[in-house]
Amino acid sequence: QTTSVARASDDFWPRDPASHTLHIANVAYTSVFLAEIVTLDWDMFQSKHPSAMLHAVARAVGGCAVYVSDNPGNHNPEVLKRLVLPDGSVYRGLLPGRPTRDCLFVDPTRDGTSALKIWNRNRHTGLLAAFNLQSSSWDPVHRRSRLLQGRVPAVVALLSPRDVEGFVDGPASKVDMSKV
């Protein structure tokens, strides 16, 4: 099967700390629509960046290509090793990563209570990641992302096998995202 590739969001901006949580939210919600017609590109990231693990986990569950823009020899192997399974295969979802149904109509970047949950599947099981993205928002007046003032609120995510589309219902388990 042949398909086109399309960018799902704005660029990875390593020097803009307000952009990273918005980037993850944007690619997840854009995937709801665009993933039906194209293979999505969630953009690259840098493995030594302070937000590297956030980006790595999002790419793994996103079902997209995982690539980094590190300078040669300037990698964080601890981040990159987490994206590869012991047999050398890449930890990658088979489908486009999408927000879970209960996240479709919330604002996980600034409502103060919601986590963003992204689901996918691989050859063996379901994938489910939960993110606390409560730290920045888009400023339409200045046309840029901005960090929210004050402390980032803790959020709690309810995770369940039923969050992964096509899985059999199972009991939910509550995860305190401030401890993750």
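This is a predicted model: local features need pLDDT of at least 70, side-chain atom pairs count only at pLDDT 80 or more; totals for chains, interfaces and linings use all residues.
1. The structure contains zero disulfides. A disulfide would need a pair of cysteine sulfur atoms within 2.5 Å. For Cys64, the closest cysteine sulfur is that of Cys103, at 18 Å, so the two are too far apart for a bond.

2. Exposure of the cysteines. Cys64 counts as buried because its relative accessibility is 1%, under the 20% limit. Cys103 has a relative accessibility of 3% and therefore counts as buried.

3. The second largest pocket. Its space comes to about 270 Å³. The pocket is lined by 15 residues, and those closest to its centre are Thr39, Gly63, Leu94, Leu95 and Pro96. Sorted by class, the lining of this pocket is made up of eight nonpolar, six polar and one charged residues.

4. Position of Val68. Val68 sits in the loop that runs between helix 2 (52–62) and helix 3 (77–81). Its relative accessible area is 29%, so Val68 is classed as partly exposed, a class that lies between the limits of 20% and 50%.

5. Contacts of Val68. Which residues does Val68 contact, leaving aside its neighbours within four places in sequence? They are Met44, Phe45, Ser47 and Leu80. For one of these, Met44, the C-alpha atom is 5.0 Å from that of Val68, although the two residues are 24 residues apart along the chain.

Definitions and conventions: Residues are numbered from 1 along each chain as its sequence is written. Side-chain values use heavy atoms; hydrogens and water are left out. Buried means under 20% relative accessible area, exposed over 50%, partly exposed in between (1.4 Å probe, protein chains only). On a 1 Å grid over the protein atoms alone, a cavity is a set of points where a 1.4 Å probe fits but cannot get out, and a pocket is an open set with protein on both sides within 12 Å along at least five of seven lines; lining residues have an atom within 4 Å of a point. Grid points are joined across faces, edges and corners, and a volume is the space filled by probe spheres set on the points. Ala, Val, Leu, Ile, Met, Phe, Trp, Tyr, Cys and Pro count as nonpolar, Asp, Glu, Lys and Arg as charged, and the others, Gly among them, as polar. Helices (H or I, at least four residues) and strands (E, at least two) are DSSP runs, numbered from the N terminus. Contact means heavy atoms within 4.5 Å.
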